[in-house]
Amino acid sequence: MPENKVSYNTDKTAKAFLLLAISYLLFALLMGVTGGFQYILPDFLKDKLSFQQTRPLHVYLAISWIFTAAQGSIYYYLPRIANRPIAWKNGVQVHLLLQITISITIIICFFLGYFGGREYLEFPPFLGLFIFASWIPFTINFFRTLKPNYKTAPVYIWNWTTGIIFFFITLSESYLWLIDYFGGNIIRDVTVQWKALGSMVGSWNMLVYGISFYVMEKVSGNTKIAKSPIAFFFYFLGFTNLMFNWGHHTYIVPAAPWVKMVAYIVTMTELLILGNIIWQWRKTLNAALKNYSNIPYRFMMYAEVWIFLNLTLALIMSVPAWNYYTHGTHITVAHAMGTTIGINTMLLFASIFFIIQEELASAFGKIKKWITAGGRITNTALIVFWASLLGSGIAKISAKMEHNSFTEIMKKCAPWFQAFTYSGIIVYIGILILSIAGVKTLRANSIKRTNNS
Amino acid sequence: MAKVLVFITLIICFILYSIVIYTTGTIDHSKVSTTEYVSIQKGKMLFQKNNCTACHQIYGLGGYLGPELTTAFSDSLRGEQYMRAFLKSGGARMPNFHFTSEEIDNIIAYLKYIDGTATTYKNDIKQP
C-alpha cells in the first residue's frame, strides 16, 4: 500500500549515500575476515593480497562506512529539521560524486600497492586534499540549510557542528607530518598523529551521537530530551574528551609528562558517563522492554550495552599501570571493534531503519523479522569476537611477561586468532542480513509522495 | 548564551593546548648528524611507502601481525642483523620487498633513531 510522506528532492541522493555506506561496510568486513585468515594461515594470499593491503582496505572502508552513513542520514534529516529543502541541491550530488571517485581511487591505490603509510590514512597523502574538498559541499549545506541558532538549538545540532568542524581540524592536523618541523621529529610526529587521530574518532562519534539523539527524539516524540541540561552536560563532557583525552594513547611516547597527566584526568571524567548508564540502568531496561518491537529503538539499546562494555574497557586501559600491559595487544583492537561495530554501526543501522520505517512502513513490516535475526546474530557473534580479542590480548601479555619471542607469542595466541576469525565470519553474516534488508527497502520506489521541494 | 561561551572557551583552550603540544611538549633531545638525518628521513619514507605500519607498530601506531619495532634495534632477541635478514628476504608472514642494500641501511637508520628516543620503553617496558 502506498504511503503519503513528505519528501524532498535530495532524499534520493541521501539514500544513495546510505547505499554507498552499506557497500563500504560489507567490503570492510570482507577485508577484515580476509585479514583474520592471514593471522591463522600465514601464507593466505600473501603474494596477491597481503595484510599490507587488506588492513588499510579494512580500516579505510570501515571509517568510510561511518562517515558516509552519518552524512547520508544528516542529508535526509536536514530539510526535515529546517522545514525547507537542502540549500544547495547540486552540492549533495557533487559530494556523492567526489566521494565515489575518491573511494575508487583509494581502493585502486591499495590494490596496486601505492601507500601513504600513515595509520588510518594509509593512502597517498595528496588524496587527503580531495577528502577535505569532498566535505565542503556537506558543510555548506549543513549551515545554509539549518542556519542554526545555537542559543535554542537541540543538542544534536551541536553534535553535528562539532563533528564537522573537528573533522576539518583533525584531517589537516594529521598531515602536519609533511612539514619537516613535525615529520623530522619522531616524538612530535607520533604525538601529533595520536592527537589528530584520537580527536578524529571523536569527530565521527559526534556525528553518530547526534544522529542517535535525533532518532531518539523522533521515536519517543519527546522534544525536551535534546534540549535538556543533562544532554548538554554530556555533550560538553564528550567535547572535552574529544579535544583532550587522546593523550592516553601516548603513555609510551616520551613526550612531556603533563601531556599524559592531562589525558588521564580528562579520560577519568568519562566515569560520569559510566555512572549515568548504571544509574539509569533500570529505567533504560524498562524502556527497552516497552519499546522492544520498535526496531530503531532496539538497535539503540544494543549500542547502549556496547557503550557500557567499551567505556568500562576504555577506562581500564587508560589507567597508566594497566595501559603498560594492554598497549600493543588485541585488547586495543577489542575496544576499536566494540566501538565501531557495537556502538557506531548499531546506531547507524538504527538511523537507516528509522528512515526506511518512516518512508515505507508497509515494506518495512515485511523485513522486520530479517532485521531482528540480523541484529541478534551480529550482537551475539560480536560478544564472542570481542571476548576472543580480549583473550588474545591477555595471552600476549602473559607471553610478554615470560619474555617469549614474537614467534612464541603468536603461537600462544593462535587459538584466540581462530576464535576471532570464525566469530568474525558470523558477525559478517549478521551484518549481511541487515544490509540486504536495508538495501532492498532503500531501493524500493513504491512510495507516493507529496513532493515538498 | 552560556553554552556558546563554554564552547568558545573550550575551543580557545584547545588551540592553546595544541600550540604547547606542538612546541615544548614534544621536544626531541636525541642528536643526529646531517648525514644521519638524511638517511633517517629516507628510511621513514620507505617505511611509509611500503605501509610497514599495517603489520608493525611504532610507539603504539600500527598493526599486530608483525612485532613492535620501537625498540627492535636494541632488543637482545632481535637487533640490527636480525632485522637486516628480514628486510632482505622477508619471513613466514612478511613478504619480500626486494629492498636494495642502501634502502635497508636507511630503514635501519630510521629504526635506530626511533630506538634512541624510546626512553619510556627502556625504563618501563621489557619488549619481547
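**Ground rules.** I am working with a predicted model, where local features need pLDDT of at least 70, side-chain atom pairs count only at pLDDT 80 or more, and totals for chains, interfaces and linings use all residues. Residues are numbered from 1 along each chain as its sequence is written, chains are lettered from A and ligands numbered from 1 in the order in which they are written, and side-chain values use heavy atoms, without hydrogens and water.

**Cavities.** I searched the whole structure and found seven cavities of 30 Å³ or more. On a 1 Å grid over the protein atoms alone, a cavity is a set of points where a 1.4 Å probe fits but cannot get out; a pocket is an open set with protein on both sides within 12 Å along at least five of seven lines; lining residues have an atom within 4 Å of a point. Grid points are joined across faces, edges and corners, and a volume is the space filled by probe spheres set on the points.

**Largest cavity.** I read a volume of about 220 Å³ for the largest cavity. It is lined by 18 residues, and the closest to its centre are Tyr60(A), Ile63(A), Ser64(A), Phe67(A) and Ile131(A). Which helix gives the largest share of this lining? It is H2(A), with six residues. H2, H3 (89-112), H4 (126-146) and H5 (155-173) of chain A each supply at least two residues. Helices here are DSSP runs (H or I, at least four residues; strands are E, at least two), numbered from the N terminus. I sorted the lining of the largest cavity into twelve nonpolar, six polar and no charged residues. Ala, Val, Leu, Ile, Met, Phe, Trp, Tyr, Cys and Pro count as nonpolar, Asp, Glu, Lys and Arg as charged, and the others, Gly among them, as polar.

**Second largest cavity.** I noted about 150 Å³ of space here. Of the 14 lining residues, Gly117(A), Arg118(A), Gln193(A), Thr53(B) and Tyr110(B) lie nearest the centre. Helix H7 (186-220) of chain A and helix H2 (34-49) of chain B each give two or more residues to the lining. H7(A) gives the most, four residues. The classes are six nonpolar, four polar and four charged.

**Second largest pocket.** I read about 720 Å³ for this pocket. Among its 35 lining residues, His56(B), Gly66(B), Pro67(B), Phe86(B) and Met94(B) are the closest to its centre. By class I have 22 nonpolar, nine polar and four charged residues.

**Helix pairs.** I then checked H7(A) against H14(A) (residues 330-359): the axes come within 9 Å and cross at roughly 40 degrees. Axes are lines fitted to C-alpha atoms, for helices over the stretch in contact, and angles run from 0 to 180 degrees between N-to-C directions. H7(A) and H14(A) are therefore oblique to each other. Angles under 35 degrees count as roughly parallel, over 145 as roughly antiparallel, 65 to 115 as roughly perpendicular and the rest as oblique. For H10(A) (residues 271-279) and H12(A) (residues 295-318), the axes come within 10 Å and cross at roughly 140 degrees. That makes H10(A) oblique to H12(A).
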